[in-house]
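Subject: The structure, and what turned up in it

Hi,

Here is the structure I promised to send over. Have a look at it first, and then read on for my notes.

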Amino acid sequence: MKHPLRLGNSVAAGLLCLSLTGCLGGGDNALLANTPGGSGTPTTPTENPNPTPVPVVLTANSANPDFAGATREFEAPACSKNADSPRAGGGTYSVNLQSASGYNIAFTVFEPASFNCKQGNPLVLHGHGYGGSRETTATGLLKRLVDAGAGVISIDQRGFGESGGTVRVMDPDFEGQDLLQILDWAETHLDWLRYANDKPVGNKKLNMVLGSTGGSYGGGYQLLINNIDPKQRLDAMTPDITWNDLRYSLNPGGAYGIKDFKPAEGEIAPLGTVKSGWALLLVAGGESGSLQPKLQAGQVQALQTSGQDMLIRETLLRGSLANRFPDGAKEFFRYHSPSYWCDAEVPGAQTFLQQTVTPGLAPKTPPAVDVLFTQGFRDTLFNFNDAWHNVQCYRKLKDSKGKAADVRLLTHQSGHILPLSPSMVPGLADLAAQGAQNGLNEIEFQRPAGPFACGALSIQDAQFAFLVEKLFTASEAQAIAKAANNKGFTELAANKGKICVSLTDDVGATEASPNAAVWVDENAFFAANGPAVKGGNTQSAIPPVNIDFTPGADPASVLLSSVGGLLRYPVAPAVFPIELPAGVNTLAGITTGSLEIAPPAAPLMNPACPQFNTAITTSPVGLLGLDPGCDPMLFIGLGVNRNGAWRLIDDQVTAIRGFGKRHVELNGVAERLADGEKLGLLVYGYHPQYLATGSRDLVSPVVALKGTLNLPILK
């Protein structure tokens with residue numbers, strides 16, 4: 001699993017090269033990291049309103065004055081011995097370090113195709129997906145970067161590939177310290193690194209010019225470095241399909257990221273639901289990806305020293321028994337998420353049966369950094385909401401001069417995709433077809449991926465162009481863009497200040513259809529197409545939609561929880577049709593609202609539910625998830641009636657559980673409805689994405705659902 005459990009398309013991206021001001025040593029122009037116009041806005045009326053731009057000085061590491069007198073052991077020196085005529089570039093070699101926690105850290109260095117010993121070469125980090133390992137041959141985006149003149153370090157994250165230790169899922173105190181140790185190694189062993197004077201930190205005059213790339217787990221490490229590195233070395237990041245809050249990703253539905261959360265009057269504190277389909281797959285992939293390479297190498301001790309950490313295994317066991325995540329585990333995963341640094345929520349105790357984990361770092365505001373976030377609307381593990389909240393955090397950050405960083409968002413139709421269905425299994429295709437003829441839905445995890453592109457814009461082209469723009473001088477970038485001949489540079493030059501919203505799958509198409517994507521003003525989009533803050537409502541362009549599923553005479557509209565939901569799933573979901581105003585046909589963003597699950601008759605709800613919930617929360621192993629009369633579950637999503645059949649939009653389904661009214665944030669979607677197509681709310685009592693999760697409350701097989709939804713209308 002090299003790239004983030006994406007079983008569809010591979011990575012791709014492209015962004016713009018702007019004309020940038022700022023003098024370089026040889027009269028060249030370059031981007032001032034966070035200050036495109038020069039030294040910043042005047043702070044008093046008496047200052048010169050048009051100050052002279054501060055010259056940007058670039059230098060190779062071999063001539064870095066910050067290291068004067070320091071002992072450095074350059075690995076494969078290129079510039080320190082003969083800067084005027086450096087040796088040939090393009091070399092590849094692997095390195096093994098001992099981490100601070102006593103285990104091996106393995107990574108591969110890809111040298112730039114040619115060395116620039118006067119101004120140095122930028123460095124780009126690369127990280128793999130969960131269960132994967134580092135690249136040892138430069139291909140795809142990595143080769144394009146190397147050929148353009150950047151060096152690349154591809155990393156085996158802790159526990160994976162040849163790196164030792166247990167996998168702790170981007171723990172700032174373990175994986176985080178390993179990553180900083182790799183950066184420290186690079187600064188003392190690579191004499192060709194590029195340094196610039198545009199954002200010195202501490203007593204340093206220069207700072208390394210550094211970018212990063214990767215998807216999923218390979219996106220999480222980038223945000224982690226930026227959040228914890230005291231030297232603030234990252235200049236540009238390109239995280240794809242990564243998370244904002246692992247609690248939301250693995251146990252969605254809780255009130256996450258909100259300081260001193262209290263339910264609104266008449267509402268309940270929403271309960272999370274274990275996303276067991278993905279959780280089980282990640283556990284299997286993580287164990288295999290960590291242990292298999294080491295056992296094949298004869299390292300039998302890896303059974304004790306590698307694999308997923310015992311705290312993660314405990315979480316899985318207790319979550320399975322109690323049908324919900326332990327509170328201590330939720331705090332553990334939050335500490336490993338951007339939300340720990342972005343949100344005002346007060347951290348809680350990371351308490352496990354084995355130990356109580358004490359975090360080594362207190363939350364603080366992340367430093368501003370240029371970021372190209374990319375996210376798949378079809379991704380059912382880290383969905384669009386993760387990207388929305390990450391962008392909302394990073395676009396508000398300012399540097400020391402009060403300037404906001406360049407934070408962009410592109411969407412696509414790929415991501416964490418598992419197109420598992422009976423028709424994919426030899427011998428079952430005909431059976432699935434017969435079932436469809438008899439009115440049965442095909443039982444599927446999700447459909448195949450669409451293009452790894454936003455309309456005609458390849459995501460890899462965008463990533464390449466973004467990194468080139470941010471890490472190279474303007475003249476270098478112009479030359480690279482001319483040679484590359486990709487749409488990323490020109491597309492994003494024409495769409496600065498906009499986000500790209502992918503609207504159609506275009507599965508199997510050789511090129512994007514005319515309406516496959518739309519560029520939208522980012523300020524307008526973030527103001528109206530999702531919550532401005534976690535727990536907030538979408539400011540919809542149309543009135544709230546009233547939802548009312550009350551058990552009645554029509555069996556198809558009865559909402560079945562528990563075993564009934566599982567048995568009913570192959571037949572059809574219950575559907576509540578939604579009438580859109582005339583002229584409105586496009587949704588893009590996050591639906592929010594307030595929904596209430598109620599028993600069909602008041603006496604059917606157990607009056608002891610609060611005591612049951614308290615007992616489960618405080619018990620070490622829960623109460624086996626048996627919550628009689630207290631724990632109904634429903635799985636809801638927006639759907640479209642296309643060609644006479646209802647299908648979930650972008651395969652996105654949101655879990656809600658427990659009696660009472662609560663605020664809901666549905667998984668984000670984007671879809672343009674054609675003439676004659678209808679919108680509806682689809683409600684299931686079971687869904688394969690929550691493979692081993694369902695209501696164990698046999699006392700509440702039938703429920704009602706009422707409330708309102710605010711739809712993200714795209715004008």
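A contact here means heavy atoms within 4.5 Å. Among contacts in the chain between residues at least 6 apart in sequence, 77% join residues at least 24 apart.

Before the details, two notes on how to read everything below. This is a predicted model, in which local features need pLDDT of at least 70 and side-chain atom pairs count only at pLDDT 80 or more, while totals for chains, interfaces and linings use all residues. Residues are numbered from 1 along each chain as its sequence is written, and side-chain values use heavy atoms, with hydrogens and water left out.

The overall picture

The chain has 17 helices and 29 strands. Both are DSSP runs numbered from the N terminus, with helices being H or I of at least four residues and strands being E of at least two. Of the 715 residues, 57% count as buried. Buried means under 20% relative accessible area, exposed means over 50%, and partly exposed is in between, with a 1.4 Å probe and protein chains only. The accessible surface of the chain comes to about 27500 Å², and 56% of that belongs to carbon and sulfur atoms. Those areas come from the Shrake-Rupley method with a 1.4 Å probe, and for residues only the protein chains shown count as cover.

Strands

Two strands pair if DSSP finds at least two bridges between them. For β1 and β6 (residues 194-196) there are 3 bridges, and Leu 58 sits opposite Ala 196 in β6.

Another pair to look at is β16 (residues 498-502) and β17 (residues 517-521), which are antiparallel over 5 bridges. Here Cys 500 stands opposite Trp 519 in β17. β16 is mostly covered, with 4 of its 5 residues buried.

Salt bridges

Side chains of opposite charge can pair when their charged atoms come close. I counted a salt bridge where a side-chain nitrogen of Lys or Arg is within 4 Å of a carboxyl oxygen of Asp or Glu. The whole structure has 34 of them.

- Arg 87 and Glu 111 have their closest N and O atoms 2.6 Å apart. Arg 87 is in the loop between β1 and β2 (92-98), and Glu 111 is in the loop between β3 (104-110) and β4 (123-127), 24 residues apart. Arg 87 is partly exposed at 32% relative accessible area, whereas Glu 111 is buried at 2%.
- Asp 184 and Lys 231 meet at 3.8 Å, N to O. Asp 184 lies in helix α2 (residues 175-189) and Lys 231 in the loop between α3 (217-228) and β9 (234-240), so this pair ties together parts that are 47 residues apart in sequence. Asp 184 is partly exposed at 33%, and Lys 231 is partly exposed at 34%.
- Glu 522 and Arg 395 meet at 3.6 Å, N to O. The pair links helix α15 (residues 522-528), which holds Glu 522, with the loop between α10 (384-394) and β13 (407-412), which holds Arg 395, 127 residues apart. Glu 522 is buried at 17%, and Arg 395 is partly exposed at 22%.

There is also a network of salt bridges that links Asp 370, Asp 406, Arg 408, Glu 469, Lys 470 and Lys 496.

On a 1 Å grid over the protein atoms alone, a cavity is a set of points where a 1.4 Å probe fits but cannot get out, a pocket is an open set with protein on both sides within 12 Å along at least five of seven lines, and lining residues have an atom within 4 Å of a point. Grid points are joined across faces, edges and corners, and a volume is the space filled by probe spheres set on the points.

The structure holds 5 cavities of 30 Å³ or more. The second largest cavity has about 70 Å³ of space, and its lining includes Arg 568, Tyr 569 and Tyr 684. The elements that give two or more residues to that lining are β19 (559-560), α16 (562-568) and β28 (678-684).

The second largest pocket has a volume of about 510 Å³. Its lining has 30 residues, with Gly 254, Ala 255, Tyr 256, His 663 and Glu 665 nearest its centre. α10, β25 (654-657) and β26 (660-665) each give two or more residues to this lining.

Happy browsing!
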